[in-house]
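Open the model in your viewer and keep the selection tool at hand. The tour goes from a helix to a sheet, then to the cavities.

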Amino acid sequence: MADATSTASKHFLSDKVSRFTESVIREMTRQAMLYGAVNLAQGFPDFPAPAEIKQAAQQAVAADINQYAITWGAKNLRNAIARQMKAWQGIEVDPEKEVTVCCGSTEAMISTLLAVCNAGDEVVIFEPFYENYGPDAVLSGAKPKFVKLHPPAGDHDEWTFDEKELRRAFHRHTKAIILNTPNNPTGKVFTRSELELIRDLCLEFDVLAITDEIYEHIIYDGTEHISMASLDGMRDRTVTINGMSKTYSVTGWRVGWAVAPEKITNAIRKVHDFLTVGAPAPLQEAGAAALSLPSGYYAKLAEGYRVRRDHLIPALSTAGFRCFRPRGAYYVMTDISAFGFKDDVAFAEYLVQEIGVACVPGSSFYGDPRDGAKQVRFAFCKKPDTLDEAAQRLTRLRQV
Ligand SMILES: Cc1ncc(COP(=O)(O)O)c(C=O)c1O
């Protein structure tokens, strides 16, 4: 038996966990609670979910849909997902063979990466990126290869990437590209020509596209959401990830999904089964009801967020932030140079503790934290009163 000293010297932890930190976004929510700050950090709505969906969930529990659903998802929900992909994007999906319902799109992403990546495979990721993709890559053994999204130069410009830089990121070890459109944190909505360019590289280098489309319905200014899987040549090499969290304002329900060709779906289903067995059964039934809402629901959702965006941005601009106007999703990335702080983390700490508003430091969206040192992100998925309160507190900020 090992003696006490040698046991005590073991740290018991895997090398993998040392390679990423806890979520900064979720930590900022805890700080907001600690300091009584307005939480514009984490992307969850502070207003009610649609009544019809809540009723559907209540009815499902009352009808005793309380045991495990089939591991890859309740049939009603899978059918509704297939119907929606056809209706919105013209993509034919076999709900029996190509859909895996998971515990949120978060689980759909990690299950997909675990299903497709071998140690050393490279995964191309645009940065700034949704912070989960970094740890996802580490956990699945993949090596992230970051490609920069450059901030808009002027108010009417968009976040862009350099075609040559993107091409340089692709080579024979590239397994996949993770694409998030509409994008968190930038609000960028990838255009058809940008997607075609990415498509051409995927075909040339035999690469899989894993697209996180969770903000599909939250788009502004006449932009169009285009699913990568709808492009010629991509149906067989795309995993489309989506979920209920953002579209139906139910981030705590934990229902998401991955849609992929049969072979890839089989692999995702295996991983998913042993990770979580299945997503909450009654909430999957409510999901089927949610996905059957009339199309007017989605127009109203997007317009509601457009109003919130146009509420928060002027308040941020007046306070001294340079705002990068989002075309989709419900975040605004900002430049904080005007305030003269050492970096984004020092600024975010000051903002939550002294001003009473929580944001997310830009560095948590970059591979190299220095790249985000002059940026912070605000979420505007909040009630008008919450945004008013934040705006009022921000008037106390001083520029240098
Ligand atoms: C781009 C993106 N993907 C996924 C998620 C998480 O989604 P879910 O609640 O379905 O796990 C978020 C949440 O903020 C997100 O911004």
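Start with helix α13, residues 344-355. Helix α13 lies across β12 and β13, at about 40° to β13. Contact here means heavy atoms within 4.5 Å. Axes are lines fitted to C-alpha atoms, for helices over the stretch in contact, with angles from 0 to 180 degrees between N-to-C directions. Helices (H or I, at least four residues) and strands (E, at least two) are DSSP runs numbered from the N terminus.

This is a predicted model: local features need pLDDT of at least 70, side-chain atom pairs count only at pLDDT 80 or more, and totals for chains, interfaces and linings use all residues. Residues are numbered from 1 along each chain as its sequence is written, and side-chain values use heavy atoms, without hydrogens and water.

Next, select the open four-stranded sheet, order β9-β10-β13-β12, with antiparallel pairing. Strands pair if DSSP finds at least two bridges between them. β9 (322-324) and β12 (360-361) are the edge strands. Zoom in on β10 (331-335) and β13 (375-379): five bridges join them. T334 stands opposite V376 in β13.

Now go to the largest cavity, about 180 Å³. A cavity is a set of points on a 1 Å grid over the protein atoms alone where a 1.4 Å probe fits but cannot get out; lining residues have an atom within 4 Å of a point. A volume is the space filled by probe spheres set on the points, which are joined across faces, edges and corners. Select Q84, E216, H217, N242 and W257: of 16 lining residues, these lie nearest the centre. α5 gives the most to this lining, five residues.

Methods:
On a 1 Å grid over the protein atoms alone, a cavity is a set of points where a 1.4 Å probe fits but cannot get out, and a pocket is an open set with protein on both sides within 12 Å along at least five of seven lines; lining residues have an atom within 4 Å of a point.
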